[in-house]
Structure formats: C-alpha cells, structure tokens
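Subject: Structure handover and notes

Hello,

Here is the structure that I am passing on to you. My notes follow below it.

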Amino acid sequence: MPPEAVQDKVFFIFNNLSLANMDQKSAELIEFVTDEHLMWVAQYMVMKRASIEHNFHTLYAHFIDHMKKEELMNMVIRETFRNIKVLLSSDKGVANFSDRSLLKNLGHWLGLLTLARNKPILQLDIDLKSLLYEAYHKGSQELLYVVPFVAKVVESCAKSKVFKPPNPWTMAIMNVLSELHTEPDLKLNLKFEIEVLCKTLNIDINDLTPT
C-alpha cells in the first residue's frame, strides 16, 4: 500500500477527474505512483470507483488509456474478474440489493474494457453461458444476481465490431437468455432486463432459438 500522502493524491485526482483535464491528471498519477503501487491503484479503481460509479465508467476507461500503461489495464481487468467472482460466490439467501447492484456495475465495466474493445472474455476467466445454466438450477434467488450481471456484460457487444450479433458466442448467450425469458416463473424485472438487452443489440427476441 502506498504512503498516505500518495493515497490522498490519488483520491484527489479521481475526485477532480474530467474529460477536459485527463492529460494533466494522468501525468500527475504517473508522477506520484510508482510501479510497485499500480496494483493498489487497480484495486482502488475497481472496488471504490467502478463498482459504485456506473456513470463514470467511460471516463475511467479513457483515463486508463491516457496513462499508456498496458500492465495497469491488465491489472484492472484481473481485479474486476476477482471482485465479480467474490460477489457471485456470496450468500444469496438474503435479499442483498447492494451486492446485486455492485455486480451489475462490474458487469458493465467488464464489458466496456473487453467486449466493447473487441477483446474476448475467456471461459477460463468467466463462462457466462454456464453461469446462466447454474443459476437456473439453483433457483430464482440466484437468477436475480446472474441475469442482470450477464445482461450488463453482453450489452457492450453492441459497441463491438467483433462481438455484435450474429457473432456465435454472443448468440449462444442470447439463446440461453431467450429460453429463460420463456420460463413462466421468471420474475418480471428479469424478463425486462432480457428485453432491454435484445433492444440494445437490435435483436428480435422471437428470432432467438431457445437452446
């Protein structure tokens, strides 16, 4: 962990970050933070910023680009996967709205850093299709976490040259979601999530083939 003065500087930079001052702020961060503390910055970005500040995702993604440190981007993506796995394995017996909203936010963030930039999400890191099947078998409480999360990840395919429909990987996930959509017991808000995703990806849900 960096010294307190450096931490304070990092907090100050993020609190005052905008598209207009991005060059200046990225130069400041590089000046103040040594390579040994980059992992701390990655954790801070994911846990204290991206997971709760959905509206600033694009700003933060540009900020990482401006720093021109590929290792930082890789650390942020790894840290995002790590946090997602922690949330997915948490106890879902209780109606934990905050975990669900953190998961949705991290899903959107993950999609933005990977699929929207034509980078695949490897099965090794997270298998979205299997996640949906597992959630279905575990029951409605699990689906409340997993369906919105997967939908948020996949919505970034709309911004991608590679992953937008009819990409087979994307369509395979959409077909599983369309199958869930036909389930009579599926909660209405989850049906709505799936319908919104279809609209975002320009897909007619009736054209999907439940697997």
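Which residues does Glu 79 touch, not counting residues up to four places away in sequence? They are Met 39, Ala 42, Gln 43, Val 46 and Met 47, where contact means heavy atoms within 4.5 Å.

Two remarks on conventions come before the rest. This is a predicted model, in which local features need pLDDT of at least 70 and side-chain atom pairs count only at pLDDT 80 or more, while totals for chains, interfaces and linings use all residues. Residues are numbered from 1 along each chain as its sequence is written, and side-chain values use heavy atoms, with hydrogens and water left out.

Glu 79 and helix 5

Glu 79 belongs to helix 5, residues 70-88. Helices here are DSSP runs (H or I, at least four residues), numbered from the N terminus. With a relative accessible area of 2%, Glu 79 is buried. Buried means under 20% relative accessible area, exposed over 50%, and partly exposed in between, with a 1.4 Å probe and protein chains only.

Aromatic rings

The structure holds eight aromatic pairs. Rings of Phe, Tyr and Trp (its six-membered ring) pair if their centres lie within 6.5 Å; planes under 30 degrees apart count as stacked, over 60 as edge-to-face and the rest as tilted. One of the pairs is Phe 11 with Tyr 44, which is tilted because the planes stand at 40°, with the centres 5.1 Å apart. This pair links distant parts of the chain, since Phe 11 is in helix 1 (residues 4-15) and Tyr 44 is in helix 3 (residues 38-50), 33 residues apart. Phe 11 is partly exposed at 28% relative accessible area, whereas Tyr 44 is buried at 9%.

Tyr 44 also pairs with Trp 40, and that pair is stacked, with 5.7 Å from centre to centre and 10° between the planes. Both residues lie in helix 3, four residues apart, about one turn of the helix. An α-helix has 3.6 residues a turn, so residues three or four places apart point the same way. Trp 40 counts as buried, at 14% relative accessibility. Ring pairs join Phe 11, Phe 14, Trp 40, Tyr 44, Phe 56, Tyr 60 and Phe 63 into a cluster.

Helix 4

Which residues of helix 4 (residues 57-67) are buried? They are His 57, Leu 59, Tyr 60, Ala 61, Phe 63, Ile 64 and Met 67. The buried residues of this helix pack against helix 1, helix 2 (22-32), helix 3, helix 5 and helix 6. Lys 68 follows helix 4 and has a positive phi, near 50°.

Ile 126 sits in the loop between helix 6 (97-113) and helix 7 (128-138). Is Ile 126 buried or exposed? Ile 126 is buried, with a relative accessible area of 8%. Leaving out residues up to four places away in sequence, Ile 126 touches Phe 81, Ile 84, Leu 88, Ile 121, Leu 131 and Phe 149. Ile 84 is 42 residues from Ile 126 along the chain, and their C-alpha atoms are separated by 9.2 Å.

Lys 104, in helix 6, is partly exposed at 27% relative accessibility. With residues up to four places away in sequence again not counted, Lys 104 touches Pro 148, Phe 149, Lys 152 and Glu 193.

Helix 8 and helix 9

Helix 8 (residues 140-154) and helix 9 (residues 168-181) pack at an angle of about 145°, and their axes are 12 Å apart. Axes are lines fitted to C-alpha atoms, for helices over the stretch in contact, and angles run from 0 to 180 degrees between N-to-C directions. From helix 8, Leu 143, Val 147, Val 150 and Val 154 meet Thr 170, Ile 173, Met 174, Leu 177 and Leu 180 of helix 9.

Cysteines

How many disulfides does the structure hold? There are zero disulfides, a disulfide being a pair of cysteine sulfur atoms within 2.5 Å. For Cys 157, the nearest cysteine sulfur is that of Cys 198, 12 Å away. Cys 198 therefore has its closest cysteine sulfur too far away for a bond. Cys 157 counts as buried at 0% relative accessibility, and Cys 198 counts as buried at 3%.

Regards

Methods. Helices (H or I, at least four residues) and strands (E, at least two) are DSSP runs, numbered from the N terminus.
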